[in-house]
Amino acid sequence: MARVTGVIVGSGNGASALPAGVRILARGGSALDAVEACAKIIEADITDTSVGRGGKPNVLGEVELDASIMDGTTHRTGAVAALKGYLHPITVARAVMERTPHVFIVGDGAARLAREIGAERTQNLTPSTRKLWVERLRSAGETPSSIRRRPKLLPVVRKTVREERGTVNFLALDRRGNVASAVTTSGWAYKYPGRVGDSPLIGAGNYCDSRIGAAACTGYGELAIRNVTAKTAVDRLASGMPVDLVARAAIADANALDEGAFNIVVLSAKGVHASATNREGRRYAWMTVSMREPQVTPRPIVRARGSTRSR
């Protein structure tokens, strides 16, 4: 099979950002620049309530953002978690990679770094997502003032968290054959403060190697952490497993642990891509430099053995 370069693959909610990334690839730009540019567009999109500004908050009404970025050629990575008050966590994650001796910075440290590099500040909790938060608290018998007075949050979190997890991810292969990946999220809606999922964890929700390919996950991030899903997917690519079977195997691994919603996108170093899920209605998007607009494709569904549940 001939190698296809100049391609970006992402989760379905990232489709609108793909043309910006493809323009970078078309003019000879790097996969790393392309995935960051795509991620920034969705981070700033207030209609996406699972990423960046407009993302759903934790149980206290605070939007905590996680992100990671990886260069598949050098294996340099950067990540942030529980970042508050900044618009583009993916750019702060890249600063971790390129401007610090570290890989992963969290919480107040991540905010301090963002301030130091002049990252753009914003109020990520929008009026619409605040309204959703208040409504969810009400369903749990709480209000914004009562939840902040509570000495114990866990009993409330068990009532507020549901299957509302979302993320956007992008995998790119540039014309030089370099692969890069980026993942950004506001995490699990109404979560316990400080909860971190798989998105900023290299090897769990994000991994790439320019010799082999890339993989990134969305959905119930705890499953990706427990299975080291993204790295496992790339290892399976390295073993010669076809891309579509790699994606399906990742979902089967998740199904073996829990019934939580889980999705993956996979891109090989030859530009072949695939995705899979365990829920109906999930899509992924892709675009090459020869295309005028992104293609959005349903993800194949991998059901748990013996499951009769509609997914």
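At what angle do helix α2 and helix α3 pack? The angle is about 145 degrees, and the two axes lie 8 Å apart. Helix α2 covers residues 31-43 and helix α3 covers residues 89-99. Axes are lines fitted to C-alpha atoms, for helices over the stretch in contact, and angles run from 0 to 180 degrees between N-to-C directions. Helices (H or I, at least four residues) and strands (E, at least two) are DSSP runs, numbered from the N terminus.

The model is predicted: local features need pLDDT of at least 70, side-chain atom pairs count only at pLDDT 80 or more, and totals for chains, interfaces and linings use all residues. Residues are numbered from 1 along each chain as its sequence is written, and side-chain values use heavy atoms, with hydrogens and water left out.

On the α2 side the residues are L32, D33, E36, A39, K40 and E43. They meet P89, I90, T91, R94, M97 and E98 of α3. By class, this contact has 5 nonpolar, 1 polar and 6 charged residues. Ala, Val, Leu, Ile, Met, Phe, Trp, Tyr, Cys and Pro count as nonpolar, Asp, Glu, Lys and Arg as charged, and the others, Gly among them, as polar.

Side chains of opposite charge can pair when their charged atoms come close. The whole structure has 13 salt bridges (a side-chain nitrogen of Lys or Arg within 4 Å of a carboxyl oxygen of Asp or Glu). One of them joins E36 to R94, with the closest N and O atoms 2.8 Å apart. This pair links distant parts of the chain, as E36 of α2 and R94 of α3 are 58 residues apart.

Eight strands build an open sheet with mixed pairing. The order is β4-β3-β2-β6-β5-β1-β11-β12. Two strands count as paired if DSSP finds at least two bridges between them.

Strand β1 (residues 7-11) has antiparallel partners. With β11 (residues 283-288) it forms 5 bridges in the antiparallel sense. V7 has T288 of β11 as its bridge partner. A hairpin of 6 residues joins β11 to β12.

A further open sheet has 4 strands in the order β7-β8-β9-β10, with antiparallel pairing. β7 (206-209) and β10 (273-277) each have a single partner strand, so one side of each is left without a neighbour in the sheet. Neighbouring strands of this sheet are turned by 10 degrees against each other on average, direction ignored. Strand β9 (residues 262-268) and β10 are joined by 5 bridges and run antiparallel. V265 is the bridge partner of S275 in β10. Helix α10 (residues 243-255) packs on the sheet and touches β9 and β10. Its direction makes about 155 degrees with that of β9. Helix α9 (residues 229-238) lies across β7, β8 and β9. It runs at about 145 degrees to β8.

Cavities and pockets were searched on a 1 Å grid over the protein atoms alone. A cavity is a set of points where a 1.4 Å probe fits but cannot get out. A pocket is an open set with protein on both sides within 12 Å along at least five of seven lines. Lining residues have an atom within 4 Å of a point. Grid points are joined across faces, edges and corners, and a volume is the space filled by probe spheres set on the points.

The structure holds 1 cavity of 30 Å³ or more. The largest cavity contains about 50 Å³ of space. Its lining includes R165, G166, T167, W188 and D198. Strands β5 (165-173) and β6 (179-188) each supply at least two lining residues. The lining divides into 1 nonpolar, 7 polar and 3 charged residues.

The largest pocket holds about 490 Å³. It is lined by 22 residues, with S50, R165, G166, T167 and R282 nearest its centre. β5 and β8 (213-219) are the elements that give two or more residues to this lining. β5 gives the most, with 3 residues. The pocket lining has 3 nonpolar, 12 polar and 7 charged residues.

Note on methods:
Contact = heavy atoms within 4.5 Å.
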